[in-house]
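The coordinates are shown first.

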2 protein chains.
Amino acid sequence: MSLTVIGIGPGDTCYLTAQAEAALAAADAVYGYGPYLDRLTLRADQERHASDNRQEGARASAALKHAAHGAKVAIVSGGDPGVFAMAAAICEQIEIGPDAWRALDVVVIPGITAMLAVAARIGAPLGHDFCALSLSDNLKPWPLIERRLDAAAQAGFVIALYNPVSRARPWQFGDAIECLRSHLPPATPVVFGRAVGRPDERVEITTLGAVNATLADMATLVIVGTRETRTIARPGRPPLVYTPRAAAEVSV
Amino acid sequence: MSLTVIGIGPGDTCYLTAQAEAALAAADAVYGYGPYLDRLTLRADQERHASDNRQEGARASAALKHAAHGAKVAIVSGGDPGVFAMAAAICEQIEIGPDAWRALDVVVIPGITAMLAVAARIGAPLGHDFCALSLSDNLKPWPLIERRLDAAAQAGFVIALYNPVSRARPWQFGDAIECLRSHLPPATPVVFGRAVGRPDERVEITTLGAVNATLADMATLVIVGTRETRTIARPGRPPLVYTPRAAAEVSV
């Protein structure tokens, strides 16, 4: 009679928290996107319900239905379940679903979301005020996304861009970069973090002026700095990128 | 010859990742704010260097100096080291410090930052675009903070407020709430998450119209929803608060 939404972090099980491990071990059945389930070691007595990436609503309602039948059900989410992921999908289904779903014990276990993992790889680009923005216009109109990019850049937030590109959304990331170029100097540091924690991980530092928008793909998280974000060159080591804790003045 | 900046998450060791555990075990010496070190189990052969909360710069340079002398040094940070915490302080010291510090192997291990832990406790309030803003005006001018609150509320970001109050900053949180009331309806859900993971944890749901600003303290993280954020009443259980993944239109 419980549903636990478990954040497993990005790419590698080294990001799993002790709490997430314990919650996984306690589950009778585990739902999730197939590649996320493939990362985990489940016992033979644990049911495995893999589904496609796009099926958040259907996956959430299947897991809720299963839990309402009396099982201890877990549903896993890459990164943190509360950041552009399964926890909101579960809440949406509970709100529109049968009353029995409101009686379930619902627990959310936080995880390392992609922007924290990417930031950690290159220093502290999120060291000052920042925002997280999904570039997917499947669930909101593009003009709203542009308005948020304008607001965030003008107010001096570091910007973490989730879901920059997909096969169905080829031009949005390029337009977002153009939008940010109208507010921020060409030297603004930009970080591309791809597949962090996976064998094919690639983290690259560039500048807003030099961004090649075709380098982002579905597995990429992009961090765009502010006017204050700094790059420290290091002989024989990759540079560190960080945003200072202090800001001296209104930065636009 | 290495410095590892380790995020230990909020309040309880259940939030430690496998990566953070391994990094702690590998350290010769561990630096950190005393209460953070008190949460961890260090071995007798590991040096323990506790310091006061305010001494970020001094703690960072002491740890860097120690690492440059050849030790494997760890410095722990509550939550995530990259979010209003030690990783930026370390980068600042490296930038102004001796050349030898740029030769060090610097590794940042991400952690569960407070907003993710608080959000998980009550549903998915960060389920849509959001920002994280420190209300401390020790390191930036108050007008810049107000400008960011205006921008974030007008553009429809969920807002996570770090450091809402301290003994030296008694009025700032109240002013921030007034600022947000000028943009958002009184019914906007607001979550106060205090000391998450600790025995004295308290998570409360209120509305922007009903916020009592004196309820926040130094250990509180506040999440202010958007016009879209919803509260699901549940018989016999605390409500769920979530922000839907979809936004139908420009929301102000």
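## Strand β8 of chain A

In this predicted model, strand β8 of chain A, residues 158–162, is mostly covered, with five of its five residues buried. Val158(A), Ala160(A) and Tyr162(A) point one way from β8(A), while Ile159(A) and Leu161(A) point the other way, and all are buried.

β8(A) has pairing partners in β7(A) and in β11(A). Strand β7 of chain A, residues 130–134, runs parallel to β8(A) and is joined to it by five bridges. Strand β11 of chain A, residues 220–224, pairs with β8(A) in the antiparallel sense over three bridges. Strands of a sheet pair through backbone hydrogen bonds in either of these two senses, parallel or antiparallel.

Ala160(A) takes part in both pairings: it is the bridge partner of Ala132(A), and it stands opposite Ile223(A) in β11(A). Ala160(A) is also among the buried residues of β8(A).

β7(A), helix α7 of chain A (residues 142–155) and β8(A) make a right-handed β-α-β unit.

| Strand pair | Sense | Bridges |
|---|---|---|
| β7(A) and β8(A) | parallel | five bridges |
| β8(A) and β11(A) | antiparallel | three bridges |
| β2(B) and β4(B) | parallel | three bridges |

## The open sheet of chain B

In chain B, five strands form an open sheet with parallel pairing, in the order β3-β2-β4-β1-β5. Its edge strands are β3 (47–51) and β5 (105–109) of chain B, each of which pairs on one side only. From one strand to the next, the twist averages 15 degrees.

Within this order, β2(B) covers residues 29–33 and β4(B) covers residues 72–77. Tyr31(B) has Ile75(B) as its bridge partner in β4(B). Helix α1 of chain B, residues 18–26, packs on the sheet and touches β1 (2–7), β2, β4 and β5 of chain B. The direction of α1(B) makes about 140 degrees with that of β1(B).

## Ala119 of chain B

Ala119(B) is found in helix α6 of chain B, which spans residues 114–122. Is Ala119(B) buried or exposed? Its relative accessibility is 5%, and the cut-off for buried is under 20%, so Ala119(B) counts as buried.

Leaving out residues up to four places away in sequence, Ala119(B) touches Ala124(B), Pro125(B), Leu126(B) and Ile223(B). Ala119(B) and Leu221(B) are 102 residues apart in sequence, and their C-alpha atoms are 9.8 Å apart in space.

How values were computed
Residues are numbered from 1 along each chain as its sequence is written. Chains are lettered from A and ligands numbered from 1 in the order in which they are written. This is a predicted model: local features need pLDDT of at least 70, side-chain atom pairs count only at pLDDT 80 or more; totals for chains, interfaces and linings use all residues. Side-chain values use heavy atoms; hydrogens and water are left out. Buried means under 20% relative accessible area, exposed over 50%, partly exposed in between (1.4 Å probe, protein chains only). Helices (H or I, at least four residues) and strands (E, at least two) are DSSP runs, numbered from the N terminus. Two strands pair if DSSP finds at least two bridges between them. A crossover is right-handed if, with the strands pointing away from the viewer, the path from the first strand over the helix to the second runs clockwise. Axes are lines fitted to C-alpha atoms, for helices over the stretch in contact, and angles run from 0 to 180 degrees between N-to-C directions. Contact means heavy atoms within 4.5 Å.
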